[in-house]
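Here is a short briefing to read with the model open beside you.

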Amino acid sequence: MVATFNVMFDYGGSDGSPGNSQNVDGLGPPNIRFKTNDNPTIDENDPVPIVTGQTKRSYWKQIYLKCTGAPSVKCNNFKFYTDGGGFGTGITLNVAEQFPTKNHGSSSGYEVATGTPGDTGDEMVANHAGVTSKVDAFGKTQGSPLNGPSVSEDSNQIDAVDETTNYLVFQLDVADTAQPGNKDDEDLTIQYDEI
Amino acid sequence: MEWKAVYDDGTSLSQFNEDGSENKYTDIKRGQLSRFIIYHGALPLLIIHLDRDKQLIYRRRVAMHLLGSKAGSSDVVILAGWQENRRGVNVQCLCFVFEDGHVEVLDRFYEDVGLFSHVKFEPEEKVGGQQR
């Protein structure tokens with residue numbers, strides 16, 4: 001049958017053991033909000049502030065696909081890309097170039113998002129043990145995608161319900177040149193092959 | 001869209017049996033394959049003719065939208081084609097069938113166009129040969 005997936009992110013808990021797994025379909029639209037707190041709520045609380053001479057950050061978000069309907073054989077070749085747009089001057093959505101481990105039996109790559117609520121999140125390359133480099137997500141387009149998230153299930157493929165991709169880790173940086181207010185949605189996409 | 005594999009002796013294997021059960025892409029007997037048909041409803045939309053040297057390639061390529069105006073929806077392209085090793089050169093014919101019914105035909109995968117980028121070949125799909 002045709003595979004189906006939920007878009008999920010983990011939050012809370014402790015490193016390697018998330019407290020909650022959130023299906024974004026239950027939140028919106030909009031269904032993901034980058035904020036200065038480690039919760040899934042779509043609200044006006046804990047925005048990323050604009051502060052002269054500083055860059056403030058959202059808490060990082062660890063997003064993955066979870067299989068809810070198994071494919072006939074397998075799904076693989078996952079790639080991430082955007083519409084190449086962006087949230088405007090002074091705002092950068094970063095995505096990690098590494099994919100911390102997440103599968104149906106382990107969340108060993110999970111790191112609790114940290115920072116100061118209402119002020120800033122801790123920078124992900126310096127503070128997430130599974131992230132060593134990042135790129136501007138909006139530099140990743142259909143013609144130049146990020147080759148991942150990878151899969152750490154058996155045979156590096158998804159072929160059963162509850163199997164997942166590894167984490168895609170995102171963080172929003174806000175410089176003092178940004179304009180305040182809620183930003184329009186931008187298109188983020190994961191492409192994969194199924195047989 | 002569904003597929004049907006037709007063999008040299010006229011028998012065939014459909015993706016779905018009359019009882020609703022499903023046959024797998026990996027169930028296809030490649031050594032006897034003469035045609036691979038993509039159906040849109042009851043009508044054949046694309047027929048791939050094959051011989052012993054041509055190895056079938058098939059994928060359902062899905063673009064799942066996480067965020068934005070299309071969040072929660074997916075776009076699907078069906079890839080069906082073949083590749084063969086022709087005197088040491090890898091030759092491919094790749095058909096990409098879009099949801100609106102139009103078909104784009106390429107002679108190779110293109111990394112700079114995401115929908116047309118490489119698949120991860122299954123062992124039985126590989127033929128070798130120098131890439132053009």
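**Where the two chains meet**

A:E194 stands opposite B:R60, a residue of strand 5 of chain B. Strands here are DSSP runs of E with at least two residues, helices are runs of H or I with at least four residues, and both are numbered from the N terminus. This is a predicted model, in which local features need pLDDT of at least 70, side-chain atom pairs count only at pLDDT 80 or more, and totals for chains, interfaces and linings use all residues. Residues are numbered from 1 along each chain as its sequence is written, while chains are lettered from A and ligands numbered from 1 in the order in which they are written.

- The contact draws 27 residues from chain A and 25 residues from chain B (two residues touch if their C-beta atoms, placed from the backbone, lie within 7 Å).
- An open sheet of six antiparallel strands runs in the order 5(A)-11(A)-5(B)-6(B)-7(B)-8(B) (strands pair if DSSP finds at least two bridges between them).
- Its edge strands, each pairing on one side only, are strand 5 of chain A and strand 8 (103-106) of chain B.
- Within chain B, 10 bridges join strand 6 (residues 74-86) to strand 7 (residues 89-98), which run antiparallel.
- In that pair, B:R86 stands opposite B:V89.

**Nonpolar cores**

- The largest nonpolar core has 47 residues, and among those with the most contacts inside it are A:F170, A:I190 and B:L66.
- Such a core is a set of buried Ala, Val, Leu, Ile, Met, Phe, Trp, Tyr and Cys residues joined through C-beta atoms within 7 Å.
- Buried means that 20 or more other C-beta atoms, placed from the backbone, lie within 10 Å of the residue's own.
- Beyond its neighbours within four places in sequence, A:F170 is in contact with residues including A:W60, A:I63, A:V95 and A:A137.
- A second, separate core of 18 residues includes B:I28, B:Y58, B:W82 and B:L94.

**Chain A as a whole**

- Chain A has one helix and 11 strands, in the sequence pattern β-β-β-β-β-β-β-β-α-β-β-β.
- Of its 195 residues, 45% count as buried.
- The C-alpha trace of chain A spans about 55 × 35 × 30 Å along its principal axes.
- Among contacts in chain A between residues at least 6 apart in sequence, 77% join residues at least 24 apart.

How values were computed. Buried ≥ 20, exposed ≤ 12 C-beta atoms within 10 Å, placed from the backbone.
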